[in-house]
Every structure is written in structure tokens, then in C-alpha cells.
Amino acid sequence: MPSETPLAKMMHGEKIPENKIKGALTDAAGRLKNLTGRFAKAKEMSETLAEAVIATAETQGTVFVASFAEGYWGEEKMDVGPVDIRVGGGLLLGGYGLYKSMSGKGGQHALALGNGLLATGIGRIGRHAGKALAEKKATDAPPPAQTPAPVAAPAPAPALKGDDIGEIARMVRMTPGTEGERVEGRRREGRERFPRHR
């Protein structure tokens, strides 16, 4: 079992020789310094974490409020001329926050709020751009091939009965100037015009 250090003996109330008191105090000071360094690191980490959480909350809160305003008042109320006021406000606040940060005077809150406004305005611009591209693609696409309409089948001829055929034949014979008579007349005309030489 390792022997206790002079510091541990002092903490338990044991008497230690005077020549070891200085070593015990040096050991105590080193441990205290080590603990102080750990506390400082932990404090620094917790401050950094807190700042990141606050910045995220500010950015997301601004996105929510700016989107809520657009939904409540309408998209057209967010514009001043051709510019979305949220984009303009985001650029101003973000620029101010960057300037303050570079000069070492904070500015993280203004930067977070500016980023929230910018995110909302840029989201709207992106949504409109995507919608316009989709509409352009829809109008540029060739129309889908159309199948031709089926042609209606001709109506079947009525069935002829025996009496009908006889009737049709009588009508053809009785009609003046039937085809046979016309053909014969043309032949006669041709012989008269161009008589054969015998």
C-alpha cells in the first residue's frame, strides 16, 4: 500500500515534520491550480454552448416569426417594390452583427436575427424559382402521344330477301338509258365519225 503524501497526512490532522510542510503546500497549490484550470475550461465550454443554443434559438425564432407574418398578412405584404423586406432587413442586421463581431463588441445576437430573416426570404425565393422551373418544364415537354380514335365499322348491309333481288333486277331493266344502251350508243357514234376504209 503506497504511503500517504504529506498533504494527505496534513488533511487527516497528522503532524508532519517542518521540512515536509513546504512540499505539502507546493503539492496543494499545484492541485488547486489544476482544479482551477479545469473549472475555467468547463466554464468556457458551458459559455460557448450557451451562446450556440441562444444563437440557434434566435435564428429559428426569427424564421418562425417572419414566416408567420407572411402567412398572416400574405406574401405580397412582405415586399417593398421588388424586394422582400425580410431579405433587406436580414442583410442590414447581419452586416451590423458582422461589423460588431469584427470590432470585438459582440454582435452575435444581431447576426443570428439577420440570419433568420435571410433564411426566410431566401427560402421564399428558392420556392418561387423551383415552381417556375417546374412550370417551364411542363410547358416545354412534348404532349403525350394520343392514340387515334377507333374507326367505326361500316354498318352491315341489310340482308336481301329473295323478293328484294327480283325487285332490284326489274328496276335495272326498266330504267331508261341503262349502261348497256349507253355503251352501244357510243360505239355507233365512233363508227360514224371514223368509218373504216374497206
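A: From helix 3, the residues R86, V87, G89, G90, L91, L93, G94, Y96, G97, L98 and S101 meet Q108, A110, L111, L113, G114, L117, L118, T120, G121, I122, R124 and I125 of helix 4. Contact here means heavy atoms within 4.5 Å, and helices (H or I, at least four residues) and strands (E, at least two) are DSSP runs, numbered from the N terminus. Keep in mind that this is a predicted model, where local features need pLDDT of at least 70, side-chain atom pairs count only at pLDDT 80 or more, and totals for chains, interfaces and linings use all residues. Residues are numbered from 1 along each chain as its sequence is written, and side-chain values use heavy atoms, with hydrogens and water left out.

Now the geometry. Two packed helices are described by the angle between their axes and the distance between the axes. For helix 3 and helix 4 the angle is about 150° and the axes are 7 Å apart, so the two are roughly antiparallel (an angle over 145 degrees). Those axes are lines fitted to C-alpha atoms, for helices over the stretch in contact, and angles run from 0 to 180 degrees between N-to-C directions. The crossing of helix 3 and helix 4 is left-handed, that is, the near helix is turned anticlockwise from the far one by less than a right angle.

Helix 4 covers residues 108-140, 33 residues in all, and spans 47 Å from its first C-alpha to its last, close to the 48 Å expected; that expectation is 1.5 Å times one less than the number of residues. Buried residues in helix 4 are A110, A112, G114, G116, L117, L118, T120, G121 and R124, where buried means under 20% relative accessible area, exposed over 50% and partly exposed in between (1.4 Å probe, protein chains only).

Beyond residues up to four places away in sequence, R86 touches A66, S67, E70, M78, L117, L118, T120 and R124.

Helix 2 (residues 18-73) brings in T59, buried at 17%. The T59 side chain reaches the backbone oxygen of A112 at 3.2 Å, and T59 contacts A112, N115 and G116, leaving aside neighbours within four places in sequence. N115, in helix 4, is partly exposed because its relative accessibility is 39%. Its C-alpha is 9.1 Å from that of Q60, 55 residues apart along the chain.

Note on methods: Parallel < 35°, antiparallel > 145°, perpendicular 65-115°, else oblique. Polar contact = N/O pair within 3.5 Å; in protein donor to acceptor, adjacent residues only side chain to side chain.
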